[in-house]
Amino acid sequence: MSTTVGILGATGAVGQRLVQLLDPHPDFEIGALTASAESAGRAYRDAAKWRIGTPIPEDVGEITVSETDPEAVPDEVDLLFSSLPSGVGERVERAFCEAGYVVSSNSSNARMADDVPLVIPEVNHDHLDLLEVQRESRGWDGALVKNPNCSTITMVPTLKALDAYGLSRVHVATLQAVSGAGYSGVTSMEIIDNVIPHIGGEEPKMETETRKLLGSFDGAELSHHEVEVSASCNRVPTLDGHLENVWAETEEELSVEEAKAAMREAPSLSLHSSPDPLIHVFDDPDRPQPRLDREREEGMQVTVGGIRETVSGIQYNCLAHNTLRGAAGASVLNGELLVSESYL
């Protein structure tokens with residue numbers, strides 16, 4: 001039996017990816033699309049400037065876009081996927097949760113709130129039970145779950161695999177694709193023949209979200225991991241796929257072969273969008289590469305290569321598709337987890 005879902009902010013970059021993923025999904029049926037007041041009342045094909053490489057789904061194109069307001073979303077919608085700008089999401093997502101809707105959100109607002117689960121299902125699916133605390137403390141019939149920042153999602157599954165060796169310190173330098181900034185986020189004159197060594201707010205997100213994701217939940221309270229994380233984030237002229245250079249230090253000695261084995265054995269889940277395996281490890285020192293490896297497992301797999309020992313630990317490179325694994329796909333995966341854990 002399919003679950004009726006809606007997309008908040010359906011005309012934007014991540015919203016369009018959500019449409020692409022949800023329209024053929026065997027367990028979900030799109031029942032509502034929302035956008036700004038300027039788009040409301042128009043057919044989706046007319047309201048959305050479609051930029052995905054596959055054609056706009058014919059049935060979705062005929063859906064009339066509604067305003068992003070709980071009163072405008074049909075009662076039969078059981079689950080909402082949010083790709084709203086954080087400033088809008090802060091206000092609107094709360095209103096939907098108060099109205100009884102369950103929201104799986106890619107927006108950055110409230111990710112670090114004590115009672116909001118920040119989830120990568122293969123990493124910390126048990127944190128979803130924080131929703132019980134959230135509902136009790138806020139008096140909501142609905143619920144709000146977040147997926148992390150796209151750069152954080154790329155790195156954290158690899159760190160989770162290494163944490164058995166006592167993860168203590170992490171340094172990361174990112175090479176992030178332009179699609180992560182949205183369609184109008186970086187102009188061609190800025191990025192062609194260039195690297196921009198600053199992405200506003202990105203470094204603090206990686207440094208704080210990582211510790212929350214790797215933390216532990218005791219049924220009442222979430223404790224953050226004590227690992228120290230330092231990030232340097234850079235925008236590079238690739239279209240999709242965030243490549244990251246990671247230096248990890250552990251309390252126990254960790255060899256290259258042990259690191260490879262830990263990552264290759266990282267457990268996945270049986271959810272529809274979960275890749276198998278979760279992490280693919282290359283022995284080739286020049287992989288992964290965005291153009292060659294971002295689409296693996298429908299864009300949901302994390303790839304790793306170049307693992308080597310350093311004076312204080314190991315260094316490696318990791319890659320994930322930022323708008324699939326890192327954004328829309330992450331929200332869909334969290335939606336699948338919400339259904340499987342009976343939170344709707």
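L338 counts as buried because its relative accessibility is 0%; buried means under 20% relative accessible area, exposed over 50% and partly exposed in between, with a 1.4 Å probe and protein chains only. The residue lies in helix α13 (residues 324–340). Helices (H or I, at least four residues) and strands (E, at least two) are DSSP runs, numbered from the N terminus.

Leaving aside neighbours within four places in sequence, L338 is in contact with L79, V102, S104, L128, L131, V145, Y343 and L344, where contact means heavy atoms within 4.5 Å. L338 and H125 are 213 residues apart in sequence, yet their C-alpha atoms are 9.7 Å apart in space.

## Basis of the model

The structure is a predicted model, in which local features need pLDDT of at least 70 and side-chain atom pairs count only at pLDDT 80 or more, while totals for chains, interfaces and linings use all residues. Residues are numbered from 1 along each chain as its sequence is written, and side-chain values use heavy atoms, with hydrogens and water left out.

## The parallel sheet

An open sheet of six strands runs in the order β3-β2-β1-β4-β5-β6, with parallel pairing; two strands pair if DSSP finds at least two bridges between them. At the edges stand β3 (66–67) and β6 (143–146), each with a single partner strand, so one side of each has no neighbour in the sheet. Strand β1 (residues 3–8) is joined to β4 by four bridges and runs parallel to it. I7 has F81 in β4 as its bridge partner. Helix α1 (residues 13–22) packs on this sheet and touches β1, β2 (28–35) and β4; its direction makes about 160° with that of β1. Axes are lines fitted to C-alpha atoms, for helices over the stretch in contact, and angles run from 0 to 180 degrees between N-to-C directions. Helix α6 (residues 130–138) also packs on the sheet, where it touches β5 and β6, and its direction makes about 140° with that of β6.

Four bridges also join strand β4 (residues 79–82) to β5, and these two run parallel. F81 is paired with S104 in β5. In strand β5 (residues 102–105), V102 and S104 point one way and V103 and S105 the other, and all are buried. V102 and S104 are among the contacts of L338.

## The mixed sheet

Another open sheet holds six strands in the order β10-β7-β11-β14-β13-β12, and its pairing is mixed. Its edge strands are β10 (228–235) and β12 (279–281), each with a single partner strand, so one side of each is left without a neighbour in the sheet. On average, neighbouring strands of this sheet are turned by 20° against each other, direction ignored. Helix α9 (residues 202–213) packs on the sheet and touches β7 (167–176), β10 and β11, with a direction about 145° from that of β10.

Strand β7 is joined to β10 by eight bridges and runs parallel to it, with H171 opposite S230 in β10. Eight bridges also join β7 to β11, here in antiparallel fashion, and E249 in β11 is the bridge partner of R169. Strand β11 (residues 242–250) is in turn antiparallel to strand β14 (residues 314–320), with seven bridges between them.

## A helix pair

Helix α7 (residues 150–162) packs against helix α10 (residues 256–264) at an angle of about 115°, and their axes are 8 Å apart. T158, A161 and L162 in α7 meet A259, A262 and M263 in α10.

## The chain as a whole

The protein chain has 13 helices and 14 strands. Its radius of gyration is 19 Å, close to the 20 Å given by the globule rule for 344 residues, so the chain is as compact as a globular protein of that length. This radius is taken over C-alpha atoms, and the globule rule is 2.2 Å times the number of residues to the power 0.38. Along the principal axes, the C-alpha atoms fill a box of roughly 60 × 50 × 35 Å.

Of the 344 residues in the protein chain, 56% are buried. Among contacts between residues at least 6 apart in sequence, 75% join residues at least 24 apart. The accessible surface comes to about 14700 Å², and 46% of it belongs to carbon and sulfur atoms; such areas come from the Shrake-Rupley method with a 1.4 Å probe, and for residues only the protein chains shown count as cover.
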